[in-house]
Amino acid sequence: MTFSDPAAAPMDLVLEGGGVKGIALAGALEVLEERGYRVNRVAGSSAGSIAGALATSGISAAQMVEILRETDYRRFEDGPWWTRTLPGKALSILLHNGVHRGTYLHQWLEEQLSLHAGPEHTGTFADLRYTEPDTALEGARGYRLVVTVSDLSSGRLRYLPLDADAFDTTADAMRVADAVRASTSIPLFFRPVRWRNAAGRPTVLVDGGLLSNFPVSVFDRPEGEVPRWPTFGIKLSAKPEADFGVRNRIRGPLSFGKAVVDTVTGFYDRMHIDASHSVARTIFIDTDAVRPTEFDLSAEQREQLYRKGRNAATAFLDGDHEQEPWDFDAYVRRFRTPPTAQG
């Protein structure tokens, strides 16, 4: 993989999922690229995996913004006509564990990668091999893209393509669009992806955000090793309160049920984001006013999401009344310098 501006500063990214909110990610990424950063590696789930697949295939953030502006999101809600009715949706969930097929999303991503990724593009993770001079890279650090998927059959989080052997294939042979399609399987909204595991048994895969929507530490160097460039997180929610106070207010059975689901699905990520070193390197974009499955977004709503992404990234880099300007050296001194090196 080559980049148009090799002199630009490298950055790794961790992108949170959020359904239709992906254009906010592109807006933030556009600002980072304008400020002289280039995408090195990306980890993400759901919408974050889509943006990551586009970015690591050589598509600039400006191109990504235009692609997402021109895409008719309503076409992602594919399936037979009867799934447009409430009884039809219920029947589809009963028969297929989800309303929409997700076929168009898969085809759309394959098409975008084919159009923009260059003549050597194969569509597999072999395109996204990552190496560094004189450095042995293992696991997640050996690929430019890492996608999270929730494996319901085994009850665990999968990192693709790293866990390819669990599905009787190799990391290099796995298709990027296949992994992203699995990661974007919003439960009940999209039909889950069904693969076979290494033992030949069926396995059911859904949205990686069910177990980890923000794998912020996936590219971090081992404890005691100083990072050579930043890993930025981009999160599609407001910055957490300083005291990490009450998130869910329990007033009755409905709010209780919502709190249970929120705790189960968000516990893993909040263990990481509550750490001050994670907050310090994360761009928070407040997109709570838009639902992840609001696929009939108006042009105005898309533009608002895009602007929110740009504004959040600008505030992160330049500082505002809530935060100091981003300073990588200061971050390393405060959070990543081994105690013995601090004197």
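Student: What makes the crossing of α1 and α2 right-handed or left-handed?

Tutor: A crossing is right-handed if the near helix is turned clockwise from the far one by less than a right angle, and left-handed if anticlockwise. The crossing of α1 and α2 is right-handed. This is a predicted model, where local features need pLDDT of at least 70, side-chain atom pairs count only at pLDDT 80 or more, and totals for chains, interfaces and linings use all residues. Residues are numbered from 1 along each chain as its sequence is written, and side-chain values use heavy atoms, with hydrogens and water left out.

Student: Why is α1 called oblique to α2?

Tutor: Angles under 35 degrees count as roughly parallel, over 145 as roughly antiparallel, 65 to 115 as roughly perpendicular and the rest as oblique. The axes of α1 (residues 22–34) and α2 (residues 47–56) cross at roughly 45° and come within 9 Å. That angle makes α1 oblique to α2.

Student: Which residues make the contact?

Tutor: With contact meaning heavy atoms within 4.5 Å, G22, L25 and L29 of α1 meet A47, G48, A51 and A55 of α2.

Student: How do you know that α2 is mostly covered?

Tutor: Buried means under 20% relative accessible area, exposed over 50%, and partly exposed in between (1.4 Å probe, protein chains only). In α2, 10 of its 10 residues are buried, including I50 and L54.

Student: What makes α3 and α9 roughly antiparallel?

Tutor: Their axes cross at roughly 160°, and by the cut-off we used, α3 and α9 are therefore roughly antiparallel to each other.

Methods. Axes are lines fitted to C-alpha atoms, for helices over the stretch in contact, and angles run from 0 to 180 degrees between N-to-C directions. Helices (H or I, at least four residues) and strands (E, at least two) are DSSP runs, numbered from the N terminus.
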